[in-house]
Each structure stands twice: as structure tokens, then as C-alpha cells.
Amino acid sequence: MDTKKSPFLERSIAVVNDLSVDEQFYLYRKTAELKQAIFERKDLSSFKLNNPELGVYLMFLEDSTRTKESFRNAAYFHKIKLNNFDSAHSSVNKKESLTDTVKMLTGYSFHSLFIIRSRMEGVCRHLERQIGEYAKAHGLSAPSFINAGDGRHEHPTQEFLDEFSFLEKLNWNRDHIHLALVGDLFHGRTVHSKVNGLRIFKNVEVDLIAPQDLKLPDYYESAMKRNGFEVRRFSSIREYLAQKKIAPLWYFTRLQLERMGDKIRDRVDYLRESVSFKREFISRVPEGSSFFHPLPRHREVPTIPSFLDNSSLNAWDEQSRNGFYTRIVLIAMLGGHFGDDFDGQGLEEKSYDQEFIRSVEVKVKQVPEYKVGIKPVESGIVIDHIAVGEELQVIWNRINKIRKNLDLNVSASHGVYPSGKSGKFKGLISIPDFRKFNQGKLRMLAAISPGCTLNVVDKRQVVEKYRIAMPPRIYNFQQISCKNEACISSSKYYENVVQEFIRSGESGFSCCYCEKEHTFNDIWDE
Ligand code: NCD
């Protein structure tokens, strides 16, 4: 068994970005070496994971052929213990949570790798954290999790085989890629994973071809632009072919009927029509182009019709074979086999230590006289500028939230007041004879009411003043929840997930599991 600690050992792949760009490229290079060795009929033992202690669990709670079978055969290649989780005949049917199931299975191998497909978005991130903590507390080795497709969210291992296939077609030139994404861009997780998978290329041009109902969600389109991609949109293949700049690589997807609401499903024939390739289009496609597809395609109404199967456009068959090779290498990496020769940039550690409680100079020393309902404080704490500029109801709600969460049952008083002469309003809470908020309470205040100030008052004078900014992370409150119903943290799944949001962009927050973006106000339950 390999005992040297590899940089990939015990890692999990919940999303594409769980491997850095250099690490992704390392996976592709190793896959190319393996593929070449296979075709040259060389001895493959150096690619095999020599670890009898590793147990792989295939947990497919949604249908799958390619992903499941390529992983199964990749595990056979390594001769590791393979467990097939049969959800139809397991305690899932006795209403056991997936968290409980996985926790228990973790004890049945010395080191486990769970490969999970589920409609619960963010499931692998949740399990990685929760089961990781459990394993640590009980002296077990932390299991790895691979996301084999979670609802509409991501499908990172499909992305790895897709990128490997693009690299092969482009002769490993990473300077530029021009790719058309065609089909159900709204529901297709393999498309969503492109947002980060394509970052291995320096210049990326993406053409999105989908009718309005199936268009790529704005969140992903903005993320592509933030990654520096040039993005164009078209509503049908016909419209796309009517202009001059046509991509040499096309990535088709099927219409994901099982994820569509009735309203869209009723119009499916019309929608499919706009993203299905037709014989008459062939002459418009540039010489040497390639068509890809994660598959499966619909046998009656495929978006890539079968008359193209034996044409030079067919890159999808080789793409699906590449799934086997990339997954062999990925299992080897997470099992700790490869990594000695990795010399690139690893993942950046996430840090949530940014300053968000800043001490500011005290300018106005005298505590202002509030005329209505609120007593001037002799000494104590005044929380000021609460939800300044928001609607009155939002300000009142914020005041209540602060009082409830910070447990201010003391004789505090509060109110809503004009904020100077700005015409705006703000909330204010004054707590007499109370001088100390510990760090935990201050963090809580920042999470509930960023933008407020905290004044420490002594003998009617402000002696200390703190400005409380938006924190980098908001977590573990009863009153916050992800508003994506398909998220693993949704109460309907009973998986007991600790809610957590991470600041993204200027003032947005994303759920740390399903990555859905929220505004600050959206996070909170009213
Ligand atoms: C895809 C999936 O499951 O997301 N298939 C796959 O894994 N090869 C695409 C699809 O189902 O359409």
C-alpha cells in the first residue's frame, strides 16, 4: 500500500472547483498516459491503486448507465472492494436519512470512497463535512465523496471527461477554445459544470444555443463572464447558423424531461425542434468540426440524429469511452496513488478571517437625545444605524431579530428613527448598564445586521465605537435557510444540515452546499 501522503488522498469532489486548475490538468495528463499505455498494450500495473483497504460505494439514487458503469469498471481495474448500494432494497425505504446511512457504511471499510448521484443538490459537500467530523471524532479515516450528478447543480466527473475530450481534439493546445453549448442549458448539470471546467483554457468563447425556456440560468452566465469567458446567446441552431462565427466544437444535451415542470413539458416538441440538428444544416458547419454529448440521447427524438453516427462529426462515442479512463485516474488520485510528481498550484485555503468588526474613532462624544420612547443611556450599549435606509417593516424585523438572537431580554428599549436629515430611517436599540458583547455575540450581530454601529457609552459619553460590516460567512442560525427547494439543506429532506452561506460578489451570499445565490435579506426566514 502507498503510505506517502499524496496531495489528493481523502479529498472529495463535490464540484469541479474542488480540484484547482493545475490539479485538473494533472488528472488529464495522467489520463493521457494511461490511455496511451492501454493502446500500446503496455503493462498497466503502475496505474493501479495498490490499496486493499479502500472500499468504494456506488450510491446511485437517480438513474445512470455511463457514469455508474464506468466507475464500476474503473474500480474493477484497481481491484478494490466495490460495494453496490441498492437503494430499492435498503433502509432508505424505512425512511433512513442518507446521512445516517453513509455514517454507518463508513465504519465498514478502513477507508471509503462514496460515489453518489442524487437529486439533492450539494449532498457531497454536506456529507464530506458531517461524516468527516464524525470520522475524526471516532479515529476513522475521512471518507472521500465524488458527486456523480446532484440534481441540476453539477456533474464534475462528466466535466473532467468532457475537458479531456476537448483537449484531445485541440491537440492539447490550451490557448483558446470556442464551444457551442446546445440544448437544455437550464436543467443540464453537465453544462453548469462547464463554468469552471473550461477555465483550463486561456481564452474561452462560449455560444449558448437554447430557447428562452431552456436558457442557461443567469447565475451561471454571470459566473462565466466573471471567469473572463466571451459569451453569446442564440435561441436556436437555425439562428446560430445564420451568422458567420460558428464554433468548431459543439456540445449537445438532451431535454431533461424528468426535471421539467408541466408547463414547459407541454411545449417540449417545439423546444426540442430549436436545438436538434438537421440534415440541411450540415453544409453550414465548418470543416473538421466535432460534436460532443454527455449522453444518453433520446432514441426517438435525439438532438444529435443517428444519421451523423458514422460521420466525422461524431466525437461523442470516444468522449463516453474517455469516462472510463478519467475515472480510473480520479479513483487512483483520491486513493492516494498519484501525486508525487504534482508540482502545480493546489487549492487555495478558504479563509473567513476578514475583518468585519472595525473600531472607529469616536467623533461625537455626547449620546444623542432620542425624544420618543427611548431613554438616553447613562452607561451601556447603543446599537445604531440598524437596517438604515430599508423599508420600515424591514427595520422593525431586523430589530426583533437582533433582540431575539442576542438574547436581549434585559431592559433594553428600541425604536425606529430618522437617520439624520437624509430622509431615511434606521433602527436603534439601547441597552443600559450593559457593557460587554463577547466576540461570538459581535459576530452574530454582524450576521444579522451588517452596517450597524455599536457604541459603548459611559456617563452619557460614547467611549468606544465599532462599525459592523457584512461578514464573510453566515452560519448556524435557526432563522436562516437556503431557498433552493432541491438543496440538501432543505427541511423536506430531513438530513439535518447546518445552514451556511458564504459571501460571494459584492453583497450576495451563496449556499455552501448547492451554491445558489441569495441576497442578504433572502437568507433570513421571516
Ligand atoms: C448526464 C447526467 O446524468 O447529468 N448523463 C451522464 O452522466 N452521462 C446527462 C443527462 O442525463 O442528460
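How exposed is Leu-392, given its relative accessible area? In this predicted model, Leu-392 is partly exposed, because its relative accessible area is 44%, a value that lies between the 20% under which a residue is called buried and the 50% over which a residue is called exposed.

Leu-392 belongs to helix α13, which covers residues 392–405.

When residues up to four places away in sequence are not counted, Phe-291 touches Trp-250, Phe-252, Phe-277, Val-285, Ile-304, Leu-308, Leu-313, Asn-314, Ala-315 and Trp-316.

Asn-147 is part of strand β4, which runs over residues 144–150, and Asn-147 counts as buried because its relative accessibility is 1%, where buried means under 20%. The side chain of Asn-147 makes a polar contact with the side chain of Asp-150, at 2.9 Å. If neighbours within four places in sequence are left aside, the residues in contact with Asn-147 are Ile-13, Ala-14, Ile-116, Cys-124, Glu-154, His-155, Pro-156 and Thr-157.

Arg-125 sits in helix α4, which is formed by residues 123–137, and its relative accessibility of 13% is the reason why Arg-125 counts as buried. Without counting residues up to four places away in sequence, Arg-125 touches Ala-14, Val-15, Asp-18, Cys-512 and Tyr-513.

## Leu-445 and its surroundings

Leu-445 is located in helix α14, at residues 439–448, and Leu-445 counts as buried because its relative accessibility is 0%. Once residues up to four places away in sequence are set aside, Leu-445 touches Ile-383, Ile-402, Leu-406, Pro-450, Cys-452, Leu-454 and Ile-468. His-293, by contrast, is 49 Å from Leu-445 in space, from C-alpha to C-alpha, and these two residues are 152 residues apart in sequence.

## Backbone features to look for

Most peptide bonds are trans, and most residues other than glycine have a negative phi. Against this background, the peptide bond from Leu-295 to Pro-296 is cis, with omega near 5 degrees. Pro-296 is placed in the loop between β9 (290–292) and α12.

His-385 is partly exposed, because its relative accessible area is 25%.

Ala-387, which is also a residue other than glycine, has a positive phi as well, near 50 degrees, and Ala-387 lies in the loop between β11 and α13. Because the relative accessibility of Ala-387 is 5%, Ala-387 counts as buried.

Note on methods. Residues numbered from 1 in each chain as written. Predicted model: local features only at pLDDT ≥ 70, side-chain atom pairs only at ≥ 80, totals over all residues. Heavy atoms only, no water. Helix = DSSP H or I, 4+ residues; strand = E, 2+ residues; numbered from the N terminus. Buried < 20%, exposed > 50% of the residue type's maximum accessible area, 1.4 Å probe, protein only. Contact = heavy atoms within 4.5 Å. Polar contact = N/O pair within 3.5 Å; in protein donor to acceptor, adjacent residues only side chain to side chain.
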